[in-house]
Structures are given as structure tokens and as C-alpha cells.
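Hello,

Here is the structure I promised to pass on.

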Amino acid sequence: MTGKVVATAAEAVADIPSGASLAVGGFGLCGIPDTLIAAIAEGEATDLEVFSNNCGVDGHGLGVLLEAGRIRRITASYVGENKEFARQYLAGELEVELTPQGTLAERLRAGGAGIPAFYTPAGVGTPVGDGGLPWRYDAEGNVAVASPPKEVRVFNGKRYLLEEAIVADFALVHAEIGDTQGNLVFNKTAMNFNPLAAMAGRITIAEVERLVEPGELDPARVHLPGVFVQRIVHTGPQNKLIEKRTVRQTEVAKA
């Protein structure tokens, strides 16, 4: 198989340079491109800017790159499951742009659709729109970089913020099935941010659990067309992790 298919994850990410921006699919530990992330961690790229719903957890997902000090800046909507993330942010080692989850999703989609910006009511009247959110602290805990105010316009009597689209140098996504032309099928909730991240990348790299030939996928099942994907790597079944394991206490049988 030739064309978009790459033999290994290491080869697929080999040209990602230091300072590159990455749109990364997944939500928590669901549908994350863990093999591609591990391949980047084994390379030398650093000073990365990441756009993702969250930054993994300690020791898994994007948390691997974070712990290695390879991420300079991240735009995310939820960061509460990673202690190292909090430590780096508060210590001034990491720049963080927090954004509403729906806004982040639409910024990625807009980037892939060629829409440079859009208006949304999310964040109006809050620091998201008014500015002043701490993006980066200094070593003494002072705000070194704060978010700027955003343009506000009124439509039909309601205020809206202008949000700019996201276009990343590379996108990393995980799919259940892909064909050699890049058409992808995601498994249930692994849809989350994967299609949106894929759209936002100038070069999109997809790891797939099962690789098939063109024509084997029912067109009606395709979630993301191959036009958005430049590289495919077959990684096999994913070792799925549980982010928070919750079990029921065994009830003691009454005598």
C-alpha cells in the first residue's frame, strides 16, 4: 500500500519540528492518538503549541509530552485531571488559554472549513470576552501574560464575541477504521474532537486500529472524508484506559 499510508508512527511524525502547533483529538483518554503522541515523545520536537479539549492525565495521553516539558502553550477547555499541568501553569512554565468547550470545537471546525472567525454568545460579560484571564504566570506567581479583550457586536439585540478559527501545522487523530485514501470511521464517543481536530490541521496524521482498502467502507458510514487526511498509520487495537474507575461497594449479606 502506498500514497497516504506510512509504515510506522515514528515515520509519520518525523517531520514535526520544534515550535510546531498541533490539533489533537480525543476527550480525556477516549479516542486519543496515544501511539502518535508516544512517537513524538520519543523524538526531539519541543516548544510545541497544542489545541486539544484537555491535556490528558498524569502519565497518559498528552500528559506524556507535558511531563517531558515539550509543550510550551495549550488551548483547552478542561484541565482538571492533570496535577502536573496545574503545577507547570502556576509555576509559569506553561502558557494556557482556557476557552469554552463549544467555542473550542467551533474554532477547530471553522479552521477546517476556511472560516477565519465567527461570533458566539459564549463568554459575553465574562473574562473570556472582557480579557484579563491569566495565560501565563511568572516564577513569583504574578500574571505575566493576560488574555486580551475580544470584539463584541450586537445582533438582534444580543451581544456576541468574535472568536478566531484555529488552523494547526499538524493534527493528530485516532480512528477505529480507515482506508488507504484517508476516509475514517470513529468508534462511538471517540468521535468527540477527532473529526474537528483533523479538519483543522494543515497536515493531518491518523492512527487507525484497522486499515482497509478503498471501497471496503460503506460511504454512509464515513465520518471524515479522506480529503482532510494526509497520512495514515496502522497501529492495531488500542489499549483503552479508564480515566476514573468507579466500582460499587459489595453489600454485606444480612444474616
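Below is what I found, going from the whole chain to single residues.

First, some ground rules. This is a predicted model, in which local features need pLDDT of at least 70 and side-chain atom pairs count only at pLDDT 80 or more, while totals for chains, interfaces and linings use all residues. Residues are numbered from 1 along each chain as its sequence is written, and side-chain values use heavy atoms, with hydrogens and water left out.

The protein chain has 7 helices and 14 strands (DSSP runs numbered from the N terminus: H or I of at least four residues for helices, E of at least two for strands). Its radius of gyration is 20 Å, close to the 18 Å from the globule rule for 255 residues, so the chain is as compact as a globular protein of that length (the radius is taken over C-alpha atoms, and the rule is 2.2 Å times the number of residues to the power 0.38). Along the principal axes, the C-alpha atoms fill a box of roughly 65 × 50 × 45 Å.

Of the 255 residues, 47% are buried (buried is under 20% relative accessible area, exposed over 50%, partly exposed in between, with a 1.4 Å probe and protein chains only). Taking contacts between residues at least 6 apart in sequence, 72% join residues at least 24 apart (contact means heavy atoms within 4.5 Å).

Helix 5 covers residues 101–113 and spans 18 Å from its first C-alpha to its last, close to the expected 18 Å (1.5 Å times one less than its number of residues). Its buried residues are Thr103, Leu104, Ala105, Arg107, Leu108, Ala110 and Gly111. Just after this helix, glycine 114 has a positive phi of about 80 degrees.

Most residues other than glycine have a negative phi. Aspartate 47 has a positive phi of about 60 degrees; it sits in the loop between helix 2 (34–42) and strand 3 (48–51) and is partly exposed, at 37% relative accessible area. Lysine 188 also has a positive phi, near 50 degrees. Its loop runs between strand 12 (184–185) and helix 7 (194–200), and lysine 188 is exposed at 69% relative accessibility.

Finally, valine 152 belongs to strand 9 (residues 152–155) and is partly exposed, at 39%. Beyond its neighbours within four places in sequence, valine 152 is in contact with Arg159, Tyr160 and Leu161.

Best wishes
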